[in-house]
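Hello,

Here is the structure I promised to pass on. Please open it and follow along with the notes below.

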Amino acid sequence: MAHAVVEHPPTPHMGLPLPNGKLAMWLFLVTEIMFFTALIGVYMIFRNGTPTTKEPWPKPHDVHLVEFYGAINTFVLICSSVTVVLAHWALTRREVKRATQLIGVTLVLGCVFMGIKAVEYKAKWDHDILPGHIGERLDTPLGQQYLERVRGQLREAVADPHGASAATIDECQALLDAMTADTAAGGGYTPRPTPTEVAERVKHILEEAEAKGDHVKLAPAIPFGNLWASCYFVMTGLHAIHVLGGLLIFGGILLAAAMGKFGVQHELMIENVGLYWHFVDIVWIFLFPLLYLV
Amino acid sequence: MTTHDVHDEGGHHGPGVKAYLIVFAALSVFTLISFVLNYLARQGTITPHQSFAAILTVAVIKAALVVTFFMHMIVDWRKLYYLLVVAFILATMMMIVLMPDGVLAWRGQ
């Protein structure tokens, strides 16, 4: 098989002993390095610069972040990195079928990563850990916004309990009554609870509900919770978009393979896709400890 | 295909399967280590500063392993160092520039 050695005609270009595609991919990855470095740098400013001993940065438990999910996702991405590098290896050995299978496994692993990510995002959604939704600086006008939000959520919870126990709903009703009490009723003056008091009672309701296994959607009050949520969603979201991009490419490769158009001539392409995928893996290697652990 | 072809291609396209699997095992172990370090920090066995330093070191080692072996830097370094060195310097400079706001502000408290 004399043609085996002429898969990459050594096209000379400006003295670089490197295929154009690979050089382009590395140039792209270098811009990506700067992009994610900026994101991580800004995150570290927020993480270290803003909290005080009185108001610390949110703990994973406060914001319903499960470290185990993050660790599993790290492992899943590492596995997918191995499968894509083995796919490239198989293709250099002209084992097209095995390479296709390994690309298929990579695609599945990427989907598992996105699935776990979706479960995590769902937990944030269910507990209203979303940018702008969390109670903060309740002694400022933000406190009134928080009251409005909680009042609406209490009304929803009471109208549609979603299987929450009667005790939890009663507590929600009691808080709602206190918050909407007619201050002139009965002749006496009963002040409505302040935002800080509401936050305390919401915290109590959420803790009780969690102990009972109930779910009730109420915005918690967490110092720097909104900043945390913004950082979390921007960083993991942009990373997830990169994962999605990789999955689309792997899907395209499998489609080409199904049509019989995938072969050893795509070795360089697989190497470049692999470079991209490993980079996405590296970004997660840093995001996981920064967001989940430290 | 001759063995020479395989050897030649193997030389051009990075380390072999064995190396990949060893790196994979190392990456898995390092992931477990960072998880355990975090657990120890939560238990109070080690301080948050120690766990931060250790966990970040583990992350750098993992990234270095991926770049060296999976991204074939072990064979491509000489062809690409001029790109990566520049990016590394710029990224480090960016972190240093941001550090006063991130670290010094916190130290001041």
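Helix 1 (residues 20-49) and helix 8 (residues 267-293) of chain A pack at an angle of about 10°, and their axes are 10 Å apart. Axes are lines fitted to C-alpha atoms, for helices over the stretch in contact, and angles run from 0 to 180 degrees between N-to-C directions. Helix 1 and helix 8 of chain A are therefore roughly parallel (angles under 35 degrees). By class, their contact has 12 nonpolar, two polar and three charged residues. Nonpolar means Ala, Val, Leu, Ile, Met, Phe, Trp, Tyr, Cys and Pro; charged means Asp, Glu, Lys and Arg; the others, Gly among them, are polar.

This is a predicted model: local features need pLDDT of at least 70, side-chain atom pairs count only at pLDDT 80 or more, and totals for chains, interfaces and linings use all residues. Residues are numbered from 1 along each chain as its sequence is written, with chains lettered from A and ligands numbered from 1 in the order in which they are written.

Next, one residue. A:Leu102 sits in helix 3 (residues 96-126) of chain A. A:Leu102 is buried, with 23 other C-beta atoms within 10 Å (buried needs 20 or more, with C-beta atoms placed from the backbone). Beyond its neighbours within four places in sequence, A:Leu102 is in contact with A:Thr83, A:Leu86, A:Ala87 and A:Ala90 (contact: C-beta atoms within 7 Å).

Finally, the two chains. Their contact takes 41 residues from chain A and 39 residues from chain B. Helix 4 of chain B gives the most to chain B's side, with 14 residues.

Best wishes

Note on methods:
Helix = DSSP H or I, 4+ residues; strand = E, 2+ residues; numbered from the N terminus. Buried ≥ 20, exposed ≤ 12 C-beta atoms within 10 Å, placed from the backbone. Contact = placed C-beta atoms within 7 Å. Parallel < 35°, antiparallel > 145°, perpendicular 65-115°, else oblique.
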